[in-house]
Structures are given as structure tokens and as C-alpha cells.
Amino acid sequence: MQTLLPMASASITAPTIRLKDYKPFPWRIPSIALDVVIGSDAVEVSCCMELTPLLGAEPQALVLQGVDLLLQSIAIDDNALKPSDYNVTAERLVIHQPPQVPFQLKTVCRIDPQANTSLEGLYASGGMLTTQCEAEGFRRITYHPDRPDVLSRFTVRIEADRERYPVLLSNGNALSAGPLAGDPTRHEVTWEDPSLKPSYLFALVAGNLNEVCDRFVTRSGRNVTLRLHVEPGDEPFTAHAMESLKRSMAWDEQVYGLEYDLDEFNTVAVRHFNMGAMENKSLNIFNSKLVLADAETASDAELERIESVVAHEYFHNWSGNRITCRDWFQLSLKEGLTVFRDQCFTADLHSEALKRIEDAAMLRNTQFREDAGPTAHPVKPDAYQAIDNFYTTTIYEKGAELIRMLRTLLGETRFMRGMALYFKRHDGEAATTDDFVSAIVEGACSQGEPLGFDCEQFKRWYDQAGTPTVTVKRDWDSTRGVLRLSLRQSTPPTPGQPKKLPLVIPLLWALVPANGVPGEEQLLVLDQEEHTLELKGLPCSEQPPALSLFRQFSAPVHWEASQESAELFTLLACDNDPFARWDAGQQLWRRIVLARASGTPNADLEGQMLEALSVLLAAAGEQDPAVLATLMAFPGGPELEALQQEADPPALYRAACALREKFGQSLAPLLRERLDLVAPDLALAWPEGQGQRQLTGLIWAWLAAAGDSAVRSDALAAVSGPSMTLARAALRALQPLDCPEREDALRQFHDRWQEKPVIFDSWFALEASTPRADGLQRVSSLLQHPRFDPMAPNAVRAVLGGFAGNLLVFHAEDGSGYQFMAEQIIALDQRNAITASRLAKVFSRWGTYSSKRQALVKAALDQLSAAQLSSNTREVVEMMLG
Ligand code: TRP
Ligand code: ZN
């Protein structure tokens, strides 16, 4: 095929796009007809759009986006344009003087999906062709405004070779299908999507796929055909995803009263995919690792994740598709809300308490880390260069926390009234986060209730980056039984935002007296910089009752209350809020690990923790194995790094290893008893037995570290056993230990799963993160492994992401790890800018390291900065360099 225009994505520093410059697109495009002819080497896309000038719009040029397109012809109302009528650059098409009345624009473009390694637009994955249009991939398929506020009805005809591409899918309903008149080797299908949708929700799939079919009847009686399309041979691994989809559909009806709106719901699993999954209208496309799974091939954590991602993408049908975003600054409108909804779904189906703890831990270790670094940005950013860089934990998870705070402030009933109003009022529209908050607040006050907080002030959460800290000072008058709390909030400066204003922070708290019976939970709304609270009439004991703060993790903040360890042990033992109880333990663990990491172990505190754990582990102690495992888990590395004077990841890693060894030794008899106690339940099918397996994995890690050879061989045996959860727990337990069982375990896992790419990626990740003297060499040889696919982001992330988590090797004192990573990011950026720029964020905490380490990272960043980079990676590197 002909060579295409120069790659527009390479090496240009993109202009900054600003929220304040938002203007509606000057035309409406009520309908689009695409005609996609898949040839043996190229694809020809004919696009016919109806354009109607907006009322009152000035006469102006028509600007359409297009990247890596080869324009074959262009006509308005069937009249071919002269070359002087328009202009084509690497990124757009400009028609100088379009008609000022409704007209039809017809373009024909050639694209080359085989040469497209970016995994945006139309690209090849294995033998199939597939699309990814969010955020700006549609412009790689045809010329179009490609912005989310332009909503159209799409009709799509696809034509292709019958044998090579027997399945042809797009959004909506299949109208007609059949052989192509005149050519028996080819066939065609026409799809029509009755809904109005933005271009980023367009999808097309062509390939040799087998379908697994099921059905869901909505509560109003609509029959929906559910199809999961997978590569031949993968059908046996689809049951979990299909069941998850049906549970999601039922949940959205029960909880939100929202039904599915079409007759068909298709899901396709694709090996080459930049993210987890994509909510294209009625044609969800999934990273195959988030579809293909059963208990033998996926861990419990992966099964739960699959269930939640299937739900997430399904929930987008309302929160994202029927109500979409006006512009990409509003991304959290759909992502924050949909994460909130999928979190509630998982909480309802499984354990609300454990889900909350999991989400809080994740927020602290990813979002707080982002909020404290050079790429910190608000939930509603006001500027970006590459929108792909803003699919972040801040937009997703912090966005979800803002919605959760609204629920906490309003109460469940009023909040759900607000949600109902939102879905009703904005259905069919492209909306903003302001629209969302207004609808929630109006719905919540529809019966004349006072709001109870300042709505405009609450919205600061959307505009202000950074994690607030709430400090709590206490004054205890033991003779009168009066406790005075002085609370203060502050948010540190973040890039571009030196000064911060006070936020509306919902603080759920309670008092837990020494007798262990917690008082009632209270809500305090902090909306000033300082706040005091006087609690009278408390029992006049020497110590005040323990203070249980931010119960349910009621706000995404840090807090500092100078709590003595005795107080925290009381909460760990007696608090009735599962989050606050866990958090008390986490605060103690932090002190323990940090003391170890700084070379001054706190023997007293470790002794008290051993005692507390002995109580929990004893037969009459904590009964729920999942809760026990959660209480015994150390805080995450990023969270601990942030608390160090100078972040020192290797020191934290060594501290955790030493603690596992000591705790494993000291608690060995109790740990072994617990192992025996849960053993009969290990074979229960997910979701049953997951707590038992989780606890087993944790105990294995402690006992294996303590040198227990029986446990080491039990773990080794699990690698060839029937449970992927236990196999992976075993590998994790053995990984830090330089022992023959570790090498055997890795080899056995390799031999058993090397034919299954989705599973084999976890071998790559394990290998890359195993601390070894020749670690770097091993990692670089993984990139040459015959089963390593450099085009598959899953594989790249497994090796390079695994390597970044190999703390002793990545952070090697000679800087070799940083250097290697920089080189790999540069190479990856040529193929796949989205994955490269996400990976580049591994350096984002460099400003907190020792000056020696900073110099080593700086050299790597300078090397990156000097390279030819995509605008995506360029933006991230420049942010990190400050
Ligand atoms: N909207 C997707 C989600 O539900 C995110 C996504 C999938 C995406 N693929 C992408 C974003 C590619 C940017 C680029 O979370
Ligand atoms: Zn999403």
C-alpha cells in the first residue's frame, strides 16, 4: 500500500488545551454513515455526515480532526471539492468556506491498521481488526470533529473477506448481513445505532471470533441478547464474565432503576489493549485478561476485578454513554461516577467493609502519591496537552470519593434522589461536573430540606489538587470529663496551585471508651480552616476515650491526631467501624516499618503488636480470615515512602522482609494453627474460600520468611495445584527468599502456563520483580524471551512494571535500573505513546529521594527529555522535570 502521511503523533509538543477556551462545535452532526471496506492490505473508510450550522454561528471554516489518514476524495453535496477549497495537514482537514445551510460532507480515506501500533483508532490484534476511540482515536478512522459534545446517529456498513473476517461487529443493531453481491469470497453487515453518541463510543470489530451467547430480560420485559466474542478455544473461560454482566444488569435496575436500552449487548476480548476495557455503546471491548478467567487460571483478586470491570463498563451505559461528557475536562463526570457505582456494586455483592478498606488502601498508595507529586492535578483539570495522560487515579478514584462524600453529607435517601434527578435531567446530553453536583443538590433538597453545607465550596474539591491534612489536637479535662477537639485543615501547594482554600470535609467520628463499647457515630462537617468541638459529660477517667476518626474513610484526606500507641491498640481491638479498626492497625504498622527502615527498630512497639496479633490469631480471636489477613497486611510502599524524611524504597523493602521473618518466627505456632483451621476451606469456589486463601498466602509469606521448610514445600506444591490464587500466593511468599523452592516454583509456573499468554504475563511480572543479584540482566533477557510480545501492553507492563516493583534492582545504587527504564520507555514510545507515558510516571517520586539518588534519576529523565518523544510522553517528562 502507499506510504501514509508522516506520523503526526511523533515528537511534537502539543499545544495546551484549556477549559476556559471551551466553545461548542459550530455545527450539529445529526447523522453519520460510515462505509468500511476491509481490503487485504488497507481499509477504505467512506464517511457521509449531515452537518447543520448552529443557530447564530458566524460563517467560519470547518475544522475536522484526522491523523494518519490518506484522503482519497472529498465532496460536499456530491460536488467534489477543488484543492483550493480545503487544506489537509498531519492533524486536520480545514474546509475554508463551507455552506451556511445544512449540507452533506462525504470523505473517503485509506487507513492502514496493520501498521498502527498505537492501539488507538483501527488496529490489528492477532488476526482481528478492532478499534479504540476514547479519547481521540476516531480521528484515526475518518475526518471528524472528534469531541464528546458532538452527538450523532451512526449507521455502519462493513465489508470484508468471509473467511478471514467472518464476524463483523459495530454498535447498535445488526440490520442486514449476507454475502456480497458479485463476490462470493466477501460479505457485508450493516449496523444501526439508534442512540445519539459521541465519536469516542464508536467501535468496530472484524475477525474470526467465536461467540458465547446468553440472555437477560430487563424488568420491563425487554429481551437482551448477550454475546461474548472470543478467539476460538477461549470459550470455556467466559462464564465468569458473562455471570458478572448479568449481575451488573440486575444491580443497576435494583439500585438505580436503570435498565439496558438496546436488544443486543456485545463484548469482545482483545489481547492488545492499552487499558482495562472500553464502554463503546453496546459493543464493549475488553483487554482479554479481564474476560478470560476461571478458578484455575485466575486468582480470587482477578475474579473480583473482572466482575467489577465488567460492571464498570456496563454501568457506563448510563453514566457515560446516555449522559456523556461535554469536554474531556469533565472526564470524571463519567469515570468518577462509574467507579463510585462499581465500588457500591462490589460492596453489595461481597463485603462492604473489606471493599472500603481495599479502596482506601489503594487511594492512599496511588492517588495520594499522584497528588503529592509533579503530575498532581485536580479532579477537573483546567489544562492538558495529551488527554490520554489524564486517565488517572485522581480522575477515577478521587472523583469517586467526591461523590461518596456527597452521599455521606446528604445521607443515602437524599443522595439517591439527587442521582435520580441527574439521570432524568441530563439523559441524552453531554454534561459537566457542575451539572452533576447541581442535580444531586437539587434532588436532595426537593422536599424543601436545607442542604447543610455550601455547595459552591464543596465544588472546590473538583478544582483544587492535593491531599488535605486534618490535624486534631485534644485537650482532656479529666476532672470535669470535658474533651476539647481543635481541628485544622490545610492542603499543600501543588504545581500551578500555590494557595489553597478550605474544603467541605465530612468527618465521621466516634469515641471508643476503655470498656470497649463505642459511642454513637457522629458527622462533623469541617468547612473552615479551624474548628473546635467540646464534648462534655464524659466519664472522668485519667485518659480520654479513644478517638475513632474518619470512620468509613469519610474523606480522602490525611489526618494527624498524635495518638499514642495504647489508644491505637484499643481501637484495633474494639472499634466497631471496620475501616477505623484497620486504620488503627495501619498506623501502628507504619510506625513499626518506618522505625525498622531507619535502622532503629522499635522493640517495644513490635512486642505489643505481637501480643495484639496473638490475641487475634488465637482460637477465640478474630474469626473472619479475610479480616485477619487485612489487619496483618503492611501498609503499601508508596504510603510509607511519603512518610520518610528521604524516601528510601530499598530500605522499606528490607524492613518488610525483616518483619515478616521476625513475626513469622515469634508467632509460628499460632500461625500454623490458623493454617490448619482454614485448610478445609481452601478448595471452596470463589467467592467462597477467598478469605481463607488470602490468609493462607499471608501466613505462608511470614512462615517461609522465618525459614519454615514445610511451608516452603507446601507453597511449592501449590504452584502445580488447582487454585491460581494459591499458586500466586505461593510464588509471592517465596519471591523474596533466595531458596531453591523459589526457583523451582518459577520454573514450574513457566512450564505449566507458557502456552497461555494471558496467564503467562504473570510469570513475566514475577520474574521481573524477583530480587536477584543479576536482576537487571534477567529483566533485559525477558524482553528477548520468545513468548514476549512487545506490541502487547500487558506483556510490556508485566516486565517493565514488574521491574519497577523490584525495589532492590530498579533502585540499584549505580543508577543502572533508572537508565535501563529510560531506554525502554524511549523505545516503547515509538510504538505506543499511551503505554509509554503511563510507564514514565514510575519516576514521579524522584524529588523525595536522597540527593544522590535524585542525581541518578535526573540523568535518566534528561536522557528521556533529549529523545524524540510523543507529545504524551513529552508532557509527562516535562512535568516531572518541573
Ligand atoms: N473509558 C475506559 C474506562 O472505562 C477507559 C479507556 C479504555 C481508555 N481504553 C482507553 C482511555 C484508551 C484512554 C485510552 O475506564
Ligand atoms: Zn470508565
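Predicted model: local features only at pLDDT ≥ 70, side-chain atom pairs only at ≥ 80, totals over all residues.
1. The shell around ligand 1 holds 13 residues, and E134, A277, E279, E313 and Y396 come nearest. Sorted by class, the shell has five charged, three polar and five nonpolar residues. Three elements each supply at least two residues of this shell: strand β21 (277–278), helix α2 (300–315) and helix α3 (331–349).

2. Polar contacts of ligand 1. In Q132, a polar side-chain atom lies 3.3 Å from a nitrogen atom of ligand 1. In E335, an N or O atom of the side chain is 3.1 Å from a nitrogen atom of ligand 1. The side chain of E313 is placed against an oxygen atom of ligand 1, with an N or O atom at 3.0 Å from that oxygen. As for cover, ligand 1 taken alone exposes 370 Å², and the protein buries 96% of that area.

3. A cis peptide bond at a ligand neighbour. E134, one of the residues that come nearest to ligand 1, is joined to A135 by a cis peptide bond with omega near -5°. A135 itself lies in the loop between β12 (128–132) and β13 (152–161). As background, most peptide bonds are trans.

4. The three-stranded sheet. An open, antiparallel sheet is formed by three strands in the order β29-β28-β31. Strands β29 (522–526) and β31 (546–548) stand at the edges; each has a single partner strand, so one side of each is left without a neighbour in the sheet. Neighbouring strands of the sheet are turned against each other by 35° on average, direction ignored. Between β28 (residues 505–512) and β31 the antiparallel pairing comprises three bridges, and L511 stands opposite L547 of β31.

5. Helices on that sheet. Two helices are to be noted here. Helix α5 (residues 393–410) lies across β28 and β29 and runs at about 60° to β28. Helix α10 (residues 565–574) also packs on the sheet, where it touches β28 and β31, and its direction makes about 60° with that of β31. The residue range of α5 includes Y396, which is listed among the residues that come nearest to ligand 1.

6. Strand β6 and its partners. Strand β6 (residues 70–76) pairs with strand β10 (residues 103–111) in the antiparallel sense over six bridges; in this pairing I76 has L105 as its bridge partner. Strand β6 is also joined to strand β7 (residues 79–80), again antiparallel, by two bridges. The bridge partner of A75 in β7 is A80. The hairpin of β6 and β7 has two residues between the strands, and D77 takes a positive phi near 45° there.

7. Further backbone positions. D68 is a residue other than glycine with a positive phi, near 55°, and D68 lies in the loop between β5 (62–65) and β6. A cis peptide bond runs from W686 to P687, with omega near 5°. P687 is placed in the loop between α16 (668–678) and α17 (690–705). In general, most residues other than glycine have a negative phi.

Methods
Residues numbered from 1 in each chain as written. Chains lettered and ligands numbered in written order. Heavy atoms only, no water. Near = heavy atom within 4 Å. Polar contact = N/O pair within 3.5 Å; in protein donor to acceptor, adjacent residues only side chain to side chain. Areas by Shrake-Rupley, 256 points an atom, 1.4 Å probe, with all protein chains shown as cover. Helix = DSSP H or I, 4+ residues; strand = E, 2+ residues; numbered from the N terminus. Nonpolar A, V, L, I, M, F, W, Y, C, P; charged D, E, K, R; others polar. Pairing = 2+ DSSP bridges. Axes fitted to C-alpha atoms, helices over the stretch in contact; angles between N-to-C directions. Contact = heavy atoms within 4.5 Å.
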